[in-house]
Amino acid sequence: MVTSDFHMHTDFSTDSKASAEKQILSAISRQLTHICITDHEDYGYPTGNFHLNLPEYTRKIKELQTTFSDQIRIELGIEAGLRPDYQKEISSILNSYPFDFIIGSSHVVQGKDPYNADFWEGIQEKEGIILYLEETLKNIELFDDFDVYGHIDYIIRYVPSGQRFYSYSDYSDLLDAILKTLIQKGKGIECNTGGFKYGLGHPNPHEDLLKRYVQLGGEILTIGSDAHAPEHVAYDFQKLPDLLLSCGFKYYTTFHERKPQFHRL
Ligand SMILES: [Zn+2]
Ligand SMILES: [Zn+2]
């Protein structure tokens, strides 16, 4: 059983209306024992402000750690939208607060988020996927201030024609380079069950990529629902032990003070 959800948002994030208290109570009601709140910080987001009020966020999560200390363990995390053109600003924030866990994610590529329709205007779907993966690789090479890379094939959620242009083998050069660079740098990946919520029938990344990560020697794997609302906390976690064991994992990972801890699946 997986009892830790290490990717969730609260109303400190621009795109969530759920209070941190509600997310925590939902986690407790789902028998989770350990969570990490990972609100969004995205520099240069194209359609408005995606900044966290970091002093207030840090203060509030620390306060909730104490309030709920006999019911659930809460870590202070962040999901940082990484991009080469804001490297200095992003790194400076990530080193200024006492985060337990940092997810590095690619959300915006060349100024556009594949979540928004304008990303897909005037480009082939395959071209869009390659752009996204190339930029992910660049971020992994450039940044050191993160623990796992978030939802590596996030873009597949938003391909206009669905998943049909995606299979691991079509992008294996880029995906292998991404995984190998992460492993070499001592970084991990996450299994993000948002893919199930989006109806993909797979987590992000896809099982083929999870298997490949194990084959290449990858060990660090956190698990997160990417919940923006209480009903999505620990989303479809009951599917994970079988799914991850069949991909070759024996452990999943949590973080405290940026150090990994391993738990048997
Ligand atoms: Zn994300
Ligand atoms: Zn997220």
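Ile37 stands opposite Leu76 in strand E3. Strands here are DSSP runs of at least two residues (E), helices are DSSP runs of at least four (H or I), and both are numbered from the N terminus. This is a predicted model, in which local features need pLDDT of at least 70, side-chain atom pairs count only at pLDDT 80 or more, and totals for chains, interfaces and linings use all residues. Residues are numbered from 1 along each chain as its sequence is written, while chains are lettered from A and ligands numbered from 1 in the order in which they are written.

Start with the whole chain. It holds eight helices and nine strands. Its radius of gyration is 17 Å, close to the 18 Å that the globule rule gives for 265 residues, so the chain is as compact as a globular protein of that length. That radius is taken over C-alpha atoms, and the rule is 2.2 Å times the number of residues to the power 0.38. The C-alpha trace spans about 50 × 40 × 35 Å along its principal axes.

Now look at the sheet. Seven strands form an open sheet in the order E1-E2-E3-E4-E5-E6-E7, and the pairing is parallel. The edge strands are E1 (4–5) and E7 (221–224), each pairing on one side only. Two strands count as paired if DSSP finds at least two bridges between them. Strands of a sheet pair through backbone hydrogen bonds, either parallel or antiparallel.

Walk across it from E2 (residues 34–42). Nine bridges join E2 to E3, and the two run parallel. E3 (residues 73–81) then pairs with E4 in the parallel sense over five bridges. Here Ile78 stands opposite Ile102 in E4, and Gly81 stands opposite Ser105 in E4. Next, E4 and E5 (residues 148–149) pair over two bridges, again in the parallel sense. Gly104 faces Tyr149 in E5 across this pairing. E5 also pairs with E6 (residues 188–192) over two parallel bridges, where the partner of Val148 is Gly188.

E2, helix H2 (residues 54–67) and E3 make a right-handed β-α-β unit. Right-handed means that, with the strands pointing away from the viewer, the path from the first strand over the helix to the second runs clockwise. H2 lies across E2 and E3, running at about 155° to E3. Such angles run from 0 to 180 degrees between N-to-C directions, with axes fitted to C-alpha atoms, for helices over the stretch in contact. E3, helix H3 (residues 87–94) and E4 make another right-handed β-α-β unit.

How is E3 placed within the fold? Eight of its nine residues are buried, so E3 is largely enclosed by the rest of the structure. A residue is buried if 20 or more other C-beta atoms lie within 10 Å of its own, exposed if 12 or fewer, and partly exposed in between, with C-beta atoms placed from the backbone. In E4 (residues 101–105), five of five residues are buried. Phe101, Ile103 and Ser105 point one way from E4, and Ile102 and Gly104 point the other way. In a regular strand the side chains alternate between the two faces of the sheet.

Finally, return to Ile37. The largest nonpolar core has 59 residues, and Ile35, Ile37, Ile102, Ile178 and Ile189 touch the most other members. Such a core is a set of buried Ala, Val, Leu, Ile, Met, Phe, Trp, Tyr and Cys residues joined through C-beta atoms within 7 Å.

Notes:
Contact = placed C-beta atoms within 7 Å.
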